Amino acid sequence: MKTIRIGNGQGFWGDNVDAPVELLRGGPVDYIGMDYLAEVTLSIMMRQKLKNPRLGYATDFIDFIRRVLPELAEKKVRILTNAGGLNPKGCREEIFAVARELGVSGVRVGVVEGDDLLSRLPELVAAGHPLANMDTGEPIAPYLDRMTSANAYLGARPVVEALDGGALIVLCGRITDTALALAPLIHEFGWPSTDWNRLAAGTVAGHILECGAQATGGNFSRFWQVPDLWNVGYPIAEAAEDGAFIITKHPGTGGLVSVDTVSEQLVYEMGDPTAYITPDVIADFTSIQLAQAGPDRVQVSGIEGRPNTPFLKVSASYLAGYKASGQITLSGPRALEKARLAAEIVWKRLERAGYAFDPEHRSEEYLGVGACLPGVFEAPSEPPEVVLRLGVRDPSAERVERFGKEIAPLVTAGPPGVTGFAGGRPKAQPIVAYWPALLAREEVESRIKVSVEEV
Amino acid sequence: MRIALSAIAHARSGDKGDASNVGLIADSPELYPVIRQEVTPERVKEHFRRLVRGRVERFEVPNLLALNFILHDSLGGGGTESLINDAQGKTHGQGLLELEIEVPEALLPRR
């Protein structure tokens, strides 16, 4: 039976830049998916695009293309990515420029557009779409002038269209991570759009792949069982036409693919396990069967799905004030007592200067004595050192900046044994808050555009 | 006998808005019903009482020998608004493995 190999070379923007190159060179692979967009990344790209209309995409992706384009073209390994961000056409122009520079021709690059809804928000609200926040239930209307991005999660279909059009590289903006794995399966095997079980299988494959090394031994509870984590191989799904697949990695790489590592990735960011909702299908994670099929090979089968919903998820973001945090290290005798005194000094000095922050808008954490999991571990009574981490948030950038000025004085005007204050005063950073919502899918799907062009 | 979950299960956690989720996976089919009976949403809420302000929801995923817990209001505002060090609940899975439960001795891993 024909199988195709789909790898993931980038789990998020900031992931190992060598991973996709090693995936390409370390053994056979037909498709590589690469994710660059966290929930609020698009609002950062919006700021970049406002400054320079040619930007607004993941520039790291261009660095990758520059390293490997001749090899991609020669081996016909196809790349699927959301690196296009808010400007996939600009990203394509840059790839074409790189191709000309490297003397590579005959490369087709597909662009998927239609996810960006920011300019359409007022019109959508006027047409009666509440775009209510899925976490709080609030309607979007009062927030319209603060919105910094709004993008619908697209499904696999437009990517399939680009692949059918011969694209070696497909550039998307907001799209589900799972669609990047499902699309090549639909393209290769011609799965119908109502074959819910197989669409669910491709979606589960995508979920296992989407966080890169988290399927192959990274972030694994029994880390001591994982060989050569420094050289971890990124995950590959070997998928067959019937919807069953094997999760593996290239030979000679580090890491571990076992029922345990794959199970941990399946439960990662899980909600209701019977309803993993994507634009393409609803996958039932309680149907998944796992079996070890050899060293670093896990068979995944039995997956069931149900019809997709009439809605698409919209990921929007808005400006929600400012925040800053800073930290110092307190070492030596009575370290925790000294850290508490340092925090008290900061809050009291701010209060006297007219910059009081209530407990809901400030934080103080004592790293090293169980701060991440308060109440779970018993704190050591005499830790040799403690990191004090202080933070505030406020609608006013000026008030947050004032807080930033109170950390450095602790070095000379606080308790003894203060160190580790580096990097200057903490600066006020804009808080770009996340706004998840649902929208009737026809509002988006009727306007999706796919274009494939050749350099 | 009383034993920490880390000896008989493994876990992974992540964020969903201002909630975190912890997937807890039993080491064997025999241990799964024990863990399902012992690790109730109430026990998890009590274990994380200083961390979780909201309710704890539990889903069963028997085919993976897993329980999935949703810890509502546990990230100090969630995502980019949060000021805390672990704003994505990345450590919550490791924290749950510290919970101690009663397990029949016959089911424990041999040393």
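I begin with strand E11 of chain A, residues 289-294, which pairs antiparallel with E12(A) over five bridges. Strands and helices here are DSSP runs numbered from the N terminus, a helix being H or I with at least four residues and a strand E with at least two. Two strands count as paired if DSSP finds at least two bridges between them.

This is a predicted model, where local features need pLDDT of at least 70 and side-chain atom pairs count only at pLDDT 80 or more, while totals for chains, interfaces and linings use all residues. Residues are numbered from 1 along each chain as its sequence is written, chains are lettered from A and ligands numbered from 1 in the order written, and side-chain values use heavy atoms, without hydrogens and water.

Back to E11(A) and E12(A). They form a hairpin with two residues between them, and Asp296(A) in the turn has a positive phi of about 55 degrees. Within this pair, Gln289(A) sits opposite Ser301(A) of E12(A). E12(A), residues 297-301, also pairs with strand E8 of chain A, residues 245-248, again antiparallel, over three bridges. There, Ile246(A) is opposite Gln299(A). As for its faces, E12(A) has Val298(A) and Val300(A) on the covered one, and Arg297(A), Gln299(A) and Ser301(A) on the uncovered one.

Now chain B. Four strands form an open antiparallel sheet in the order E2-E3-E5-E4. Strands E2 (9-16) and E4 (56-61) of chain B are at the edges with a single partner strand each, so one side of each has no neighbour in the sheet. The twist averages 20 degrees from one strand to the next. Axes are lines fitted to C-alpha atoms, for helices over the stretch in contact, with angles from 0 to 180 degrees between N-to-C directions.

Inside that sheet, E3(B), residues 19-26, and E5(B), residues 66-71, run antiparallel and are joined by six bridges. Gly23(B) stands opposite Asn68(B) in E5(B). What packs on the sheet, touching E2 and E3 of chain B? Helix H9 of chain A, residues 259-266, does, and its direction makes about 25 degrees with that of E2(B). Contact means heavy atoms within 4.5 Å.

Last, the cysteines. A search of the whole structure finds zero disulfides over all chains, a disulfide being two cysteine sulfur atoms within 2.5 Å. The closest cysteine sulfur to that of Cys91(A) is in Cys172(A), 11 Å away, which is too far for a bond.

How values were computed:
Buried means under 20% relative accessible area, exposed over 50%, partly exposed in between (1.4 Å probe, protein chains only).
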